[in-house]
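Here's a quick briefing to read with the viewer open.

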Amino acid sequence: MAATTQNSGALDLIVYGVAASVAALAVAAFRIAEILGPDGPAVTVRGDAASTSLGLASGATIDAVVVRAPDLGVGGRVWMIGAVVLATAAAIIVAAALMRVAFAVRRGRVFTGGATRALTVIAGTLTVAVFAWPIVDGMGRQHALQSLGIRFETLSLLDLLPLLPLLLAAVAAAVMAGAFAQGERLQRDTEGLV
């Protein structure tokens, strides 16, 4: 009976991990198809730039407008696809590492090298993604806005604010990796005494 419960526990973890990875790949495929399509990628333009381009009256304001950039060059498309690939790779790596940690917890072997390494991989992947993705995505958006004749606003710290939860998750994973490494050392010391 215990073996059945343990196997079914492993099966649901595999299903969740594969489902998350497949969803990430599907979203990436859709976004890449959009970027490569003849209509061009969808780009969000800040309201002030859109109001000026549209020639709206001074009292009318727009917060943001999503426009297509059909004349985006190869360089801009490469940067935008790079951002999609980076985000997708990060999602798949984190899903696989989370599955590794979950397997260790389900087996009751929490303080093992594999779980510690998986948490370290999660922390590193999220940290790289949080700092690399805005740069790569920003380069693609800059090319897209220039193709539309709109001046690109450089990134500010406020643009990184939506990524703060990912950075906090990276810090939490790093702290947990340290705790797991300490638990692994204590477990080895205890086993050596017995």
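Is D137 buried or exposed? At 14% relative accessibility, D137 counts as buried, where buried means under 20% relative accessible area, exposed over 50% and partly exposed in between, with a 1.4 Å probe and protein chains only. A note before going on: this is a predicted model, in which local features need pLDDT of at least 70 and side-chain atom pairs count only at pLDDT 80 or more, while totals for chains, interfaces and linings use all residues. Residues are numbered from 1 along each chain as its sequence is written, and side-chain values use heavy atoms, with hydrogens and water left out.

**Overall layout**

- The chain holds five helices and two strands, taken as DSSP runs numbered from the N terminus (helices H or I with at least four residues, strands E with at least two).
- Reading from the N terminus, you get α-β-α-β-α-α-α.
- Of the 194 residues in the chain, 33% are buried.

- α4 has 35 residues, which should span 51 Å at 1.5 Å a residue, and its end C-alpha atoms sit 50 Å apart, so the two agree; the expected span is 1.5 Å times one less than the number of residues.
- There's a kink of about 30 degrees in α4 at A132, shortly before the proline P134; the bend at a residue is the angle between axes fitted to the seven residues ending there and the seven starting there.
- After α4 comes G149, with a positive phi near 80 degrees.
- α3 has 34 residues and reaches 49 Å from its first C-alpha to its last, close to the 50 Å expected at 1.5 Å a residue.
- After α3 comes G108, and its phi is positive too, near 80 degrees.
- A87 lies in α3 (residues 74–107), and at 38% relative accessibility A87 counts as partly exposed.
- A87 and A28 are 59 residues apart in sequence, yet their C-alpha atoms are 8.5 Å apart in space.

**Salt bridges**

- The structure holds three salt bridges, each being a side-chain nitrogen of Lys or Arg within 4 Å of a carboxyl oxygen of Asp or Glu.
- R31 pairs with E34, the closest N and O atoms being 2.3 Å apart.
- Both R31 and E34 lie in helix α1 (residues 2–36), three residues apart, about one turn of the helix.
- An α-helix has 3.6 residues a turn, so residues three or four places apart point the same way.
- R31 is partly exposed at 22% relative accessible area, while E34 is buried at 17%.
- E34 also forms a salt bridge with R68, where the closest N and O atoms are 2.9 Å apart. That pair links distant parts of the chain, with E34 in helix α1 and R68 in strand β2 (residues 64–68), 34 residues apart.
- R68 is partly exposed, with a relative accessible area of 41%.
- D137 forms a salt bridge with R141, and the closest N and O atoms there are 3.2 Å apart.
- D137 and R141 are four residues apart in helix α4, so about one helical turn separates them.
- R141 is partly exposed, with a relative accessible area of 24%. As for shared partners, salt bridges join R31, E34 and R68 into one network.

**The largest pocket**

- How do we define a pocket? On a 1 Å grid over the protein atoms alone, a pocket is an open set of points where a 1.4 Å probe fits, with protein on both sides within 12 Å along at least five of seven lines, and lining residues have an atom within 4 Å of a point.
- The largest pocket has a volume of about 320 Å³, the volume being the space filled by probe spheres set on the grid points, which are joined across faces, edges and corners.
- The lining has 19 residues, with T44, R46, R141, L155 and D159 nearest the centre of the pocket.
- β1 (42–46) and α4 (113–147) each supply at least two lining residues, and α4 gives the most, with five.
- The lining splits into twelve nonpolar, one polar and six charged residues; Ala, Val, Leu, Ile, Met, Phe, Trp, Tyr, Cys and Pro count as nonpolar, Asp, Glu, Lys and Arg as charged, and the others, Gly among them, as polar.
- T44 lies in strand β1 and is partly exposed, with a relative accessible area of 46%.
- The C-alpha atoms of T44 and V66 are separated by 4.3 Å, although the two are 22 residues apart along the chain.
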